[in-house]
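This briefing concerns the salt bridges of the protein shown below. Please keep the structure at hand while reading the points that follow.

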Amino acid sequence: MRSIVILISGRGSNMEAIVRAAQTEQWPAKIAAVISNRVDAGGLSFAAARGIPTAVVSNKDYADRTQFDAALRREIDRFSPDLVVLAGFMRILTAPFVQHYAGRMLNIHPSLLPSFTGLATHLQALTMGVKVHGATVHFVTADLDHGPIVLQEVVPVTDDDTVRSLEEKVLALEHQMYPRAVRWFVEGRLVIEEGRVYQRAVTALDVDFSG
Ligand code: GRF
């Protein structure tokens with residue numbers, strides 16, 4: 001049984017989608033904890049209501065990024081996760097933190113990377129006049145929004161799209177694709193070679209249903 005820790009900063013709708021998929025599809029994994037850097041993150045109550053342990057490590061309580069990341073790492077590692085999932089976790093992480101979770105930390109970014117890194121991705125897409133937009137699930141590396149890509153999906157950008165309508169379209173996509181990518185990891189399908197992610201076929205014997 002794999003153990004997953006999910007980090008959020010806000011509403012946590014992607015976290016919700018992953019929790020629901022793990023339960024309804026009976027993944028060989030448990031969501032060990034949901035951790036937020038904000039005490040007011042809406043997603044914490046959803047997790048708590050489902051009996052998932054929650055914790056808050058507030059960045060405001062630490063003098064700098066290094067100290068915050070060290071505290072966050074201590075809290076995460078209490079749950080000995082096989083995978084850390086960033087789901088709307090709005091913090092830039094230090095290189096040692098990222099290194100500690102190398103190959104076992106995923107993020108979802110609301111654009112087709114490497115286009116439109118950083119914030120305001122839907123505005124960036126509209127401003128550039130792209131005809132397709134989308135989302136990317138990737139492994140996290142110290143290079144912000146540039147880790148090995150696991151999965152990308154697209155939506156059309158139409159003439160009447162606004163930032164709001166694009167955000168809605170992409171978020172609906174995220175809720176479909178992020179659980180799928182996390183499941184692939186949990187099932188041991190993902191292999192990273194020279195910066196590219198490949199899927200290997202798995203048999204039932206590869207999937208650990210114990211524990
Ligand atoms: C999502 O669009 C995610 O891609 C981005 O922040 C948003 C978080 O939404 N990083 P939620 O908290 O999962 O609802």
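Nine salt bridges are counted in this predicted model, a salt bridge being a side-chain nitrogen of Lys or Arg within 4 Å of a carboxyl oxygen of Asp or Glu. Because the model is predicted, local features need pLDDT of at least 70 and side-chain atom pairs count only at pLDDT 80 or more, whereas totals for chains, interfaces and linings use all residues. Residues are numbered from 1 along each chain as its sequence is written, and side-chain values use heavy atoms, with hydrogens and water left out.

**Asp-77 and Arg-73**
- Asp-77 forms a salt bridge with Arg-73, their closest N and O atoms lying 3.9 Å apart.
- These two residues are four residues apart in helix α3 (residues 65-77), which separates Asp-77 and Arg-73 by about one helical turn; a helix here is a DSSP run of H or I with at least four residues, numbered from the N terminus.
- Asp-77 is partly exposed at 28% relative accessible area, and Arg-73 is likewise partly exposed at 32%, where buried means under 20%, exposed over 50% and partly exposed in between (1.4 Å probe, protein chains only).

**Arg-78 and Glu-75**
- Arg-78 and Glu-75 form a salt bridge whose closest N and O atoms are 2.4 Å apart.
- Arg-78 is exposed, at 57% relative accessible area, whereas Glu-75 counts as buried at 16%.

- Glu-187 forms a salt bridge with Arg-189, with 2.7 Å between the closest N and O atoms.
- Glu-187 counts as buried at 9% relative accessibility, while Arg-189 is partly exposed at 22%.
- A network of salt bridges links Glu-25, Arg-183, Glu-187 and Arg-189.
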